[in-house]
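Here is a friendly walk through one structure, from its sheets and helices out to its domains and chains. Keep the 3D view open as you read.

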Amino acid sequence: MYQTVYHRASSVDEAVSLFAKGSEAKFLAGGQTLLPVMKQRLASPSDLIDLGKIKELQGVELSGDVLTIKAGTTYFDIMQNADVKKAIPAIAYLTSVLGDPAVRYRGTIGGSIANNDPAADYPAALLALGAAVKTNKRSIAADDFFQGLFTTALEDGEIITAVSFPVPAKAGYEKMRHPASRFALTGVFVALTKSGEIRVAATGASQTGVMRVPAIEAALKANWSPSAIDSVSISASNLLADIHGTAEYRANLIKVMAQRAVAAAG
Amino acid sequence: MGVEGIGARVVRKEDKRFITGKGRYVDDIKLQGMTHAHFIRSPHAHAKVKGIDSSAALKMPGVVAVLTGQEIVDDKVGNLICGWAITSKDGSPMKMGAWPAMAPETVRFVGQAVAVVIAESKNLARDAAEAVVVNYEELPAVADVHAAIKSGAPQLHPEAPGNQVYDWVIGDEGAADAAFAKAANVVKLDVTNNRLAPNAMEPRAAIADYDSAEEHFTLYTTSQNPHVARLVLSAFYNIAPEHKLRVIAPDVGGGFGSKIFIYPEEMVALWASKKVGRPVKWTGDRTEAFLTDAHGRDHVTHAEMAFDANNKITGLKVKTYANFGAYMSLFSSSVPTYLYATLLSGQYNIPAIHAEVIGVYTNTTPVDAYRGAGRPEASYLIERLMETAARQLNVDPAALRRTNFITQFPHQTPVIMAYDVGDFNASLDAAMKAIDYAGFPARKAKAKADGKLRGIGVSCYIEACGIAPSKAVGSLGAGVGLWESAEVRVNPVGTIEILTGSHSHGQGHETTFCQLVAERLGVPISQVSIVHGDTDKVQFGMGTYGSRSAAVGLTAILKAMEKMESKAKKIAAHALEASEGDIVIENGEFKVAGTDKAIAFPMVALAAYTAHNLPDGMEPGLKESAFYDPTNFTFPAGTYICELEVDPGTGKTSFVNFVAADDFGRLINPMIVEGQVHGGLVQGIGQALLEHAIYDSNGQPVTASFMDYAMPRADDVPSFNLSHTTTLCPGNPLGIKGCGEAGAIGASAAVINAITDAIGKNNLEMPATPDRVWRTIHAA
């Protein structure tokens, strides 16, 4: 690790002002990506601004049909939260299969979506549920937030404060774990909104990061059942391929995981 | 068996320090004035080193020195050796290229060191290393064994034309050909044994400390065999004579073979310590472990097995290409030859065997012994062949094995090994019963109704362990003897120190070795200490690998114990005014048989040291040593059966049951044996399902971190169902065969046989990843 200056911010405002003072500052959430990258000397922020102790970034609120998870809430706290389990159990389940216990104790939802790893689990949930990403400046629709591999709509120095999920009528998530990293080799989140819209998002599959899967959405619109997806054809072009999964395999997984997610959603 | 004697499930003494963070590993050691080394490693698989400019680095804070490959060559530090000479079929010796500790001219694998920075801290050394400019001229590279032997392939070493190290044969080719000419059926199989990265939990580390006044070196290192390390460093690497070099291997966190070898980093640390006049520490990180710890396996094999009309095996022909990587590591040459082809008879009567092994250089990390070393490759091949044969001949796989089992012992195979004892039917019976083999068809049908593909796979392995005897391995080309030594020191108050040449790096010797003492003397194991891992304390030893510590090392302790007990009995008899022949040892006392006359063991010890009243002519003291060289290898064997389900939608494998019925001879501590089997099975399953060290065609490693290299985790493996059948090994007095490698040797074939049974297709390579299984299921 290169030398850096560590700051522990006590409020979002303080974090923003510390960020502005640093020459190449970085926000530190759970650190599950940033710290290993720094240890490998692949990142060298001048200043590291820890958001972990900011109270306003912690917690979960359920208000009517909106579930709001503050950005600094850890995976462990999310998967244990009664409101999450009640309102959107698919999110509790997604969180329970994310990483491993050590990752779940440290990692946060804000850190995950800000990083936008193409194989991360949360982006699929946000995209399928039509969530809104709240920052210290604005609210960004999930459709606009994720902009390709490790790229988001966040501006320099902008801090995610919370994610608001409309509570769906039905939702489900299934993933095939990457055998080594335990990220999603491919994961699919399906949602049927209370207004009757069907949204399906796949992570870990596309070369451009999390994506909607219109063919499956159309099939489910006609018939919300796993078998409705049998006849869907998913193209392998533009899908990721690596030593753990060919593009054809990932195309298959999009279908199979979608079917299982629908079954899980009920 | 006492509560702490042989056969007792004694909790491991050493675990208290390990689980409370009190272990003392090399990296925990800090010496006064210690500097830190960081190696500059080649990013290229094959390149000329045209120049190294360290001028900027030398000006950086805390930098003590930047040392290069040319300097270590100029100082006449020896090239790394390979300690087992193999002769090709044309009579020529194996062809080895030079391996300097740091490359002065040519790098041949990614990660090979070209220079080292010595600085006041690890971080400062890393900072400075980034300022060292190495000018490389890239050369074409080759990573794949078949590509490497093609004409026109990039050549690694001028000494080895065609990248061929040797072309070695074993067995009787004429007899094998004759068997195939008369065969009723021939079964053919091509298999790849995937390359593995060992990944011991503790990365390798070394601290070298040169004392200029005494011209003496101390090396703390992560070694499975510190005495062998000292011997090689002294005799071949020109570091220092043996009496001027102390090697200490303190607590070591796993080895699996990868810490047998003497690596460049240890040589450089020693040499650099003298050069800079201060202690030098190097602790590898995980990336360095992936790049530089000797890898395991990496075979490509074609095999054919001949059967007569009664399904009896009549012949076996095997041709294997073994990828050695860029250099010949310390025992690499023996692994695909004498540790592999000599086990190709498996548990079966095979009248004629012929095997050819071609050793090949590639631009990859050197390959050497890894848990099982050659024997997993042999067992995997034979057990896949048996399963393939059963399918082709349309007979039950277990029944086909039974038809061909060796049942008379001793049994001389056509490939050197003489099996001393075994009962292969007993372990097969035990495993089949444990898994309810007869009930499998009904379970398979039920799984099918649930949309799952269920399979069962049998693996009947045999291994040659306790590696020894010295005379035999010497005749086969080994550069060392394979005996073991021990010393029993009884202190004046009756506590006991056992000095052993075996080295514990996870095996639990501090417990099991004490159990032998408890068994013989009836003293609690708390009265006994095991001393190992220090060449200044233990006179010599061959270390721990090849499941040899109990069969060879513990037997050496037994021999020393017998000598000590003999003297102690004389002292006791003298004190009790009885005949020596009437003295028996019970519960920590020396008794006159059939009387109530007794003297406690501590009093005997005290008498030996006060020497006030010893038998005439007896020397004072109570300390004995022994060297033990066995008469044969030992032959642990057993049957593993795996039942699993494959999800046809994803190709993912889920275990239903995994039974292991092993014959290890006598067990000293069944709990520790179970732990060894668990660990071995997980490594075998890891190889079968997950692990694969991959290079691209340019020799760039693709799997150099745990983000890409899939290590097995607890949720990847089932809860194992273990049992034991026992035939005592006649080759050592305790009847021990060894248990350290069995799981890794037998498990992978059971898993692949089960998956291929489940999916109904026989061609499936390891690791059977979900993607690979799914594509195999859906292949035309």
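This is a predicted model: local features need pLDDT of at least 70, side-chain atom pairs count only at pLDDT 80 or more; totals for chains, interfaces and linings use all residues.

## A helix across a sheet

To see the pairing at residue level, look at β20 (residues 496–500) of chain B, which pairs with β21(B) in the parallel sense over four bridges. Here B:E497 stands opposite B:S529 of β21(B).

## A three-stranded sheet in chain B

Chain B also holds an open sheet of three strands, in the order β22-β23-β24, and here the pairing is antiparallel. The edge strands are β22 (583–586) and β24 (598–600) of chain B, each with a single partner strand, so one side of each is left without a neighbour in the sheet. The twist in this sheet averages 25° from one strand to the next.

Within this sheet, β22(B) and strand β23 (residues 589–592) of chain B run antiparallel and are joined by four bridges.

## Domains of chain B

Chain B is assigned three domains: domain 1 (31–139 + 201–254 + 259–292), domain 2 (299–468 + 632–778) and domain 3 (483–628). The C-alpha centres of domain 1 of chain B and domain 2 of chain B are 36 Å apart, and each of these two domains brings 29 residues to the contact between them.

How much area is buried between domain 1 of chain B and domain 2 of chain B? The value is about 2,400 Å², and carbon and sulfur atoms give 69% of it. On the domain 1 side, B:W84, B:F261 and B:F290 supply 27% of the area buried against domain 2 of chain B, more than any other three residues. Polar links are found here too: ten residue pairs are in polar contact between domain 1 of chain B and domain 2 of chain B, counting pairs with both residues at pLDDT 80 or more. Helix α9 (residues 286–292) of chain B gives the most to the domain 1 side that touches domain 2 of chain B, with five residues. The count of salt bridges between these two domains is one. B:E356 forms a salt bridge with B:K89, with the closest N and O atoms 2.9 Å apart.

## Domains of chain A

Chain A is also assigned three domains: domain 1 (5–50), domain 2 (57–163) and domain 3 (170–265). Taken over C-alpha atoms, 19 Å separate the centres of domain 1 of chain A and domain 2 of chain A. Nine residues of domain 1 of chain A are in contact with 14 residues of domain 2 of chain A.

Together, domain 1 of chain A and domain 2 of chain A bury about 800 Å², with 71% of it on carbon and sulfur atoms. On the domain 1 side of this contact, helix α1 (residues 12–21) of chain A gives the most, with four residues. Across this interface there are zero salt bridges, and one residue pair is in polar contact, both at pLDDT 80 or more.

## Where the two chains meet

Between the chains, the contact takes 25 residues from chain A and 24 residues from chain B. The buried area is about 1,900 Å², 49% of it on carbon and sulfur atoms. In chain A, the residues that lose the most area to chain B are A:R41, A:R182 and A:I243, together 29% of what that side buries.

How many salt bridges are counted between chain A and chain B? The count is six. A:R41 forms a salt bridge with B:E130, where the closest N and O atoms are 3.0 Å apart. There are also 14 residue pairs in polar contact between chain A and chain B, both at pLDDT 80 or more. On the side of chain A that touches chain B, β9 (170–177) and α11 (247–265) of chain A each supply at least two residues, and α11(A) gives the most, with seven residues.

How values were computed:
Residues are numbered from 1 along each chain as its sequence is written. Chains are lettered from A and ligands numbered from 1 in the order in which they are written. Side-chain values use heavy atoms; hydrogens and water are left out. Two strands pair if DSSP finds at least two bridges between them. Domain bounds come from an automatic or database domain assignment. Contact means heavy atoms within 4.5 Å. Buried area is the accessible area (1.4 Å probe) that two parts lose on being put together, summed over both. A salt bridge is a side-chain nitrogen of Lys or Arg within 4 Å of a carboxyl oxygen of Asp or Glu. A polar contact is a pair of N or O atoms within 3.5 Å; within protein, one must be able to donate a hydrogen and the other to accept it, and residues adjacent in sequence count only if both atoms are side-chain atoms. Axes are lines fitted to C-alpha atoms, for helices over the stretch in contact, and angles run from 0 to 180 degrees between N-to-C directions.
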